[in-house]
Amino acid sequence: MQQPHDHDHDHAHSHLDEMDLRVRALETLLTRKGYVDPAALDRIIETYETRVGPHNGAAVVARSWVDADFRQWLMQDATAAIASMGYGGRQGEHMVAVANTPEEHNMVVCTLCSCYPWPVLGLPPVWYKSAPYRSKAVLDPRGVLADFGVQLPPSTRIRVWDSTAEVRYLVIPMMPAGAEGLEQQQLAALVTRDAMIGTGLARAPDRGAGGNPD
Ligand code: FE
């Protein structure tokens, strides 16, 4: 049921496409009954496919790396600090920023369902909603990190934050070594979605391209 599905046969489509069919059937039904405006639905989907995404969160993180006042505001009142950059709205009404340090690494999960900070990260990846991630993140966070190819020193504590319908967390990864002196935009390019969920780290700068290759 979770297998990649990029081929184009005319069989075995039943599992993956069942959800599509259900969603379409539901949309049709709700539209016919007048509950849903299809144009409005399209606008919402387009918004989260193009305008809202991890690049928003990456801009927030990059700014927090170079602007100490902003970082302080972000840690104290993430909702307001993030909104000041123009990112707010649904599923981001109560944001909390948690910053990684050498001593402590933060990871976010929603054990109940799939709560996620939409305005800064867009829509959640499939694995975030999966039962294995939701249970293993709590029971064995270091194992989850290993699954994602992340190895932290044993002395680094891992703190797992359980998102709820009320509070959404944004992990502020550590600025990678060698990134000092880069422009905010270049810094933002180092901030991956996974780094802001806590299942990854910020990317090391590519010293060959645009950096300081010395
Ligand atoms: Fe949830």
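Tutor: Phe-148 is partly exposed: its relative accessible area is 30%, so it falls between the 20% limit for buried and the 50% limit for exposed. Keep in mind that this is a predicted model.

Phe-70 has a relative accessibility of 2%, so it counts as buried, while Trp-73 is partly exposed with 36%.

Now back to our ring. The centres of Trp-127 and Phe-148 are 4.7 Å apart and their planes meet at 65°, and because that angle is over 60°, this pair is edge-to-face. Trp-127 sits in helix 7 (residues 126–129), and Phe-148 is in the loop between helix 9 (141–147) and strand 3 (157–162), so the pair ties together parts that are 21 residues apart in sequence.

Helix 9 turns up again when we move to charged side chains. The structure holds five salt bridges. In one of them, Lys-136 and Asp-147 meet with 2.8 Å from N to O. Lys-136 is in helix 8 (residues 131–139) and Asp-147 is in helix 9, so this pair ties together parts that are 11 residues apart in sequence. Asp-147 is exposed, at 55% relative accessible area, whereas Lys-136 is partly exposed, at 29%.

Two other salt bridges are worth a glance. Asp-67 pairs with Arg-63, their closest N and O atoms being 3.3 Å apart; Asp-67 is partly exposed at 22%, and Arg-63 is partly exposed at 24%. Arg-193 pairs with Asp-194 at 3.1 Å. There, Arg-193 counts as partly exposed at 28%, but Asp-194 is at 18%, so it counts as buried. Elsewhere, Glu-104, Arg-157 and Arg-159 are linked in a network of salt bridges.

Asn-106 is in strand 2 (residues 104–109) and is buried, with 2% relative accessible area. Its side chain makes a polar contact of 2.7 Å with the side chain of Trp-161.

Last stop: the iron ion. Its protein donors are Cys-110 (SG), Cys-113 (SG), Ser-114 (N), Cys-115 (N) and Cys-115 (SG), at 2.1 to 2.7 Å. In sequence, the donor residues are spaced C-x2-C-S-C. Cys-110 is buried with a relative accessible area of 0%, while Ser-114 is at 26%, so it counts as partly exposed.

Note on methods:
Residues numbered from 1 in each chain as written. Predicted model: local features only at pLDDT ≥ 70, side-chain atom pairs only at ≥ 80, totals over all residues. Heavy atoms only, no water. Buried < 20%, exposed > 50% of the residue type's maximum accessible area, 1.4 Å probe, protein only. Phe/Tyr/Trp six-rings, centres within 6.5 Å; stacked < 30°, edge-to-face > 60°. Helix = DSSP H or I, 4+ residues; strand = E, 2+ residues; numbered from the N terminus. Donors = N, O, S within 2.8 Å, 3.2 Å for Na, K, Ca; no water. Polar contact = N/O pair within 3.5 Å; in protein donor to acceptor, adjacent residues only side chain to side chain. Salt bridge = Lys/Arg side-chain N within 4 Å of Asp/Glu carboxyl O.
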